[in-house]
Amino acid sequence: MSDKLTKQPKILALCTVSTGLDSISEVLRSGYKIISIIGVSPLAERLDLISGWVDIAIFSKKWDVPYGYVNKYDLKDISDRKLFESFNFDLIWVVGWQRLIPKWLIESASLGALGGHGSPDGIHRGRGRSPQNWSIMLGCKQFNLALFFITTGIDDGPIILQRSFTYNYMDDISVSYKKSALAMGDMVCQVLKNKDLLNHSVKQSKKAFYYPQRKPKDGFVDWNMKQKEIWSHCRALTRPYPGLRTGHQSSIIIIVWECQPFDDIVDGEYGTISVCFESEEFLVNCADGRLLIKEWESCGSEWAPKQGIRFNSMPFYKQLQIIINRHKEKYPTLELDARIKKKAKV
């Protein structure tokens with residue numbers, strides 16, 4: 001066995017979302033060992049509620065890494081606790097796991113539990129949910145990522161290392177996660193190479209602000225917005241997320257997976273299909289021109305684009321107000337980031 005492996009901490013990874021796999025593979029490619037990868041079982045209930053869920057067995061077998069399944073995403077099943085007790089580890093890495101982990105699991109690792117989080121303005125200004133989705137949606141140019149010790153709080157543990165990456169104008173959420181994966185993988189490699197870094201973490205002292213949770217029903221198009229704004233929303237919500245949505249009449253939902261600005265012509269009411277191409281792509285009027293809908297699907301019923309169809313529209317600021325009110329109801333003491341409040345006109 002190499003000197004690198006004999007000296008590195010024994011690390012166990014929690015990953016059940018596809019976005020975490022590239023971080024793990026970056027560590028494995030660099031020659032470091034992972035004791036086991038734990039994911040949510042394919043037989044667990046309501047896997048549809050886990051955006052981007054993957055069967056960790058496929059990845060683990062490819063990389064020849066031991067793996068195990070838990071039954072509950074919140075790790076509250078007694079059998080799940082027994083599973084962790086069967087492994088010999090001293091460091092936990094939570095990657096591709098969009099839930100808080102319980103106190104007993106944090107305390108089970110002698111060297112601690114590692115998490116990754118960030119925002120355009122640093123970890124303290126973007127705690128909470130979906131920071132990379134929000135960053136693209138709000139048109140941010142940079143993302144600042146931190147590797148930190150997980151506590152029983154929300155993204156409030158001491159910071160071990162930090163990295164930043166920039167957004168190109170075409171980046172969607174999948175590209176954002178790839179950039180984040182490389183940065184996170186690099187930071188974890190640094191820790192495995194030199195565990196003394198764990199002893200030099202820096203306590204977070206600045207006032208914290210939060211991003212609110214998003215749900216699929218929150219992602220509807222506001223056709224009164226400019227092309228680039230709608231394009232940003234689509235790029236933020238595309239796969240592995242539920243997609244940007246619009247409606248026709250009261251019963252037809254169209255999911256827009258890919259779109260782009262097309263021209264500066266507006267030849268009808270906002271939200272109206274202007275042109276249908278033989279490829280089944282089509283143009284829709286919005287505030288400053290026509291948006292090209294390149295990939296889409298209809299939900300629940302057969303539908304085809306036709307010139308003159310007008311889609312339903314929901315003001316973006318009103319959607320944000322609904323999201324904000326839901327956040328305040330559930331987390332009244334967690335103050336929202338100013339970027340969100342400004343867009344919501346509150």
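How exposed is R125, as relative accessibility? At 24% relative accessibility, R125 counts as partly exposed. On the terms: buried is under 20% relative accessible area, exposed is over 50%, and partly exposed is in between, with a 1.4 Å probe and protein chains only.

Before I go on, this is a predicted model, where local features need pLDDT of at least 70, side-chain atom pairs count only at pLDDT 80 or more, and totals for chains, interfaces and linings use all residues. Residues are numbered from 1 along each chain as its sequence is written, and side-chain values use heavy atoms, with hydrogens and water left out.

My topic is salt bridges, meaning a side-chain nitrogen of Lys or Arg within 4 Å of a carboxyl oxygen of Asp or Glu. The structure has 16 of them.

R125 is in one, with D337, at 3.6 Å from N to O. The two are 212 residues apart: D337 sits in the loop between α9 (316–330) and α10 (338–343), R125 in the loop between β5 (113–119) and β6 (127–128). Helices here are DSSP runs of H or I, at least four residues, and strands are runs of E, at least two, numbered from the N terminus. D337 is buried, at 1% relative accessibility.

Next, R326 and D218, with the closest N and O atoms 2.6 Å apart. R326 lies in helix α9 and D218 in the loop between β9 (210–211) and α8 (227–237), so this pair ties together parts 108 residues apart in sequence. D218 is buried, at 6%.

Then D171 and K179, at 2.7 Å between the closest N and O atoms. D171 is buried at 7%, while K179 is partly exposed at 21%.

Last, K207, E335 and K341 form a network of salt bridges.
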